[in-house]
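I opened my notebook on this one and went through it piece by piece. Here is what I looked up, in the order I did it.

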Amino acid sequence: MALCLDCQMSIPSQLEYAFSLIKDVADFPNPGILFKDITPILQDEKAFQSVIDDLASHLNGANKVAGIESRGFILAAALAAKGDLGLVLLRKPGKLPRETYRVDYQLEYGSDSLEIHKDALGSTDSVFLVDDVLATGGTMWAGTELVKLAKANLTNCAVFLEISVLQGRERLKGLPLHASISV
Ligand code: AMP
């Protein structure tokens, strides 16, 4: 585990290689945003496997994996296949064809909404909610609200990368949260 006391960076040794592949892109998609591009991890079979293995070790008895559009879908689909679990999609507005629940939220660059099909989850479901990056926490918070609206139980929120300076963890206070890497 690599620890940087000044910046509170925490990187488990088995994820150091995956972390080394992340590309920082300045001013994308808007000026002032430092975008963490994780696509090089997906392109590398060893790095991608290490990320999925880490997230899978925190499923906590879930029977469904819910992925947040769009990079959360990639992680969620791999986790669902690995854990033999159902896959549920939390999508941007207007993408799901049938009746939905909808939650609006603020993010680092603007505002957005997330939707879930009303029949995607129910009270017997235990849900592992996953996205690639936790920034201000608004997106993950909206995901947890959708799980609540669907009356399902949340086993864990999980991200591969937490940008701790943006304090998303604060927004999710009281909720279970796993970040594979925190920078
Ligand atoms: P937030 O709601 O602020 O926590 O933003 C998290 C969502 O926006 C995730 O779905 C990320 O994919 C994306 N995101 C926000 N900020 C960044 C960033 N700096 N780099 C990469 N993705 C980001």
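**Entry 1: the whole chain.** I began with the surface: the protein chain exposes about 8900 Å², and carbon and sulfur atoms supply 51% of that area. I keep in mind throughout that this is a predicted model. My tally of secondary structure came to six helices and 11 strands. Along its principal axes, the C-alpha trace spans about 45 × 35 × 30 Å. I then asked how the radius of gyration sits against the globule rule. For 183 residues a compact globule would have a value near 16 Å, and the chain has 16 Å, so the two agree. Of the 183 residues, 48% count as buried. I also looked at contacts between residues at least 6 apart in sequence, and 57% of them join residues at least 24 apart.

**Entry 2: the ligand.** Next I went to the ligand, which 17 residues surround. The closest are D131, D132, T136, G137 and T139. A polar side-chain atom of T136 lies 2.5 Å from one oxygen atom of the ligand. For D132, a polar side-chain atom is 2.7 Å from a ligand oxygen atom. A135 takes part through its backbone, with an N or O atom 2.9 Å from an oxygen atom of the ligand. How much of the ligand does the protein bury? Taken alone the ligand exposes 480 Å², and the protein buries 96% of that.

I then asked which elements give two or more residues to the shell around the ligand. They are β4 (34–37), β9 (126–134) and α5 (138–149). Strand β9 gives the most, with four residues. Sorted by class, the shell has eight nonpolar, four polar and five charged residues.

**Entry 3: N156.** I picked N156 in strand β10, which covers residues 153–162. Is N156 buried or exposed? Its relative accessible area is 5%, so N156 is buried, the cut-off being under 20%. I followed its side chain and found that it reaches the backbone oxygen of H58 at 3.1 Å. Not counting residues up to four places away in sequence, N156 touches H58, N60, V127, F128, L129, P176, L177 and H178.

**Entry 4: K64.** K64 lies in strand β5, residues 64–68. I checked its side chain for a partner and found D125: a polar contact of 3.0 Å joins the two side chains. Leaving aside neighbours within four places in sequence, K64 is in contact with G86, V88, L121, D125, S126, V127 and F128.

Entry 5: K23 is in strand β3, residues 23–26. K23 has a relative accessible area of 49% and is partly exposed. Beyond residues up to four places away in sequence, K23 touches F35, K36, D37 and P40. I also looked at K23 and D112, which are 89 residues apart along the chain, and their C-alpha atoms are separated by 25 Å.

A120 is in the loop between β8 (110–117) and β9. At 24% relative accessible area, A120 is partly exposed. Leaving aside its neighbours within four places in sequence, A120 is in contact with V88 and D125. The C-alpha atoms of A120 and V159, 39 residues apart along the chain, are separated by 21 Å.

Entry 6: I finished with the backbone. Most residues other than glycine have a negative phi, and most peptide bonds are trans, so I went looking for departures from both.

- F28 and P29 are joined by a cis peptide bond, with omega about 0°; P29 is in the loop between β3 and β4.
- E69 and S70 are also joined by a cis peptide bond, with omega about -5°; S70 is in the loop between β5 and α4 (71–83).
- D27 has a positive phi, near 60°; D27 lies in the loop between β3 and β4 and is partly exposed at 48% relative accessible area.
- D84 has a positive phi near 60°; D84 is in the loop between α4 and β6 (86–90) and counts as exposed, at 71% relative accessibility.

Terms used:
Residues are numbered from 1 along each chain as its sequence is written. This is a predicted model: local features need pLDDT of at least 70, side-chain atom pairs count only at pLDDT 80 or more; totals for chains, interfaces and linings use all residues. Side-chain values use heavy atoms; hydrogens and water are left out. A residue is near a molecule or strand if one of its heavy atoms lies within 4 Å of it. A polar contact is a pair of N or O atoms within 3.5 Å; within protein, one must be able to donate a hydrogen and the other to accept it, and residues adjacent in sequence count only if both atoms are side-chain atoms. Accessible areas come from the Shrake-Rupley method with a 1.4 Å probe; for residues, only the protein chains shown count as cover. Ala, Val, Leu, Ile, Met, Phe, Trp, Tyr, Cys and Pro count as nonpolar, Asp, Glu, Lys and Arg as charged, and the others, Gly among them, as polar. Buried means under 20% relative accessible area, exposed over 50%, partly exposed in between (1.4 Å probe, protein chains only). Contact means heavy atoms within 4.5 Å. The radius of gyration is taken over C-alpha atoms; the globule rule is 2.2 Å times the number of residues to the power 0.38.
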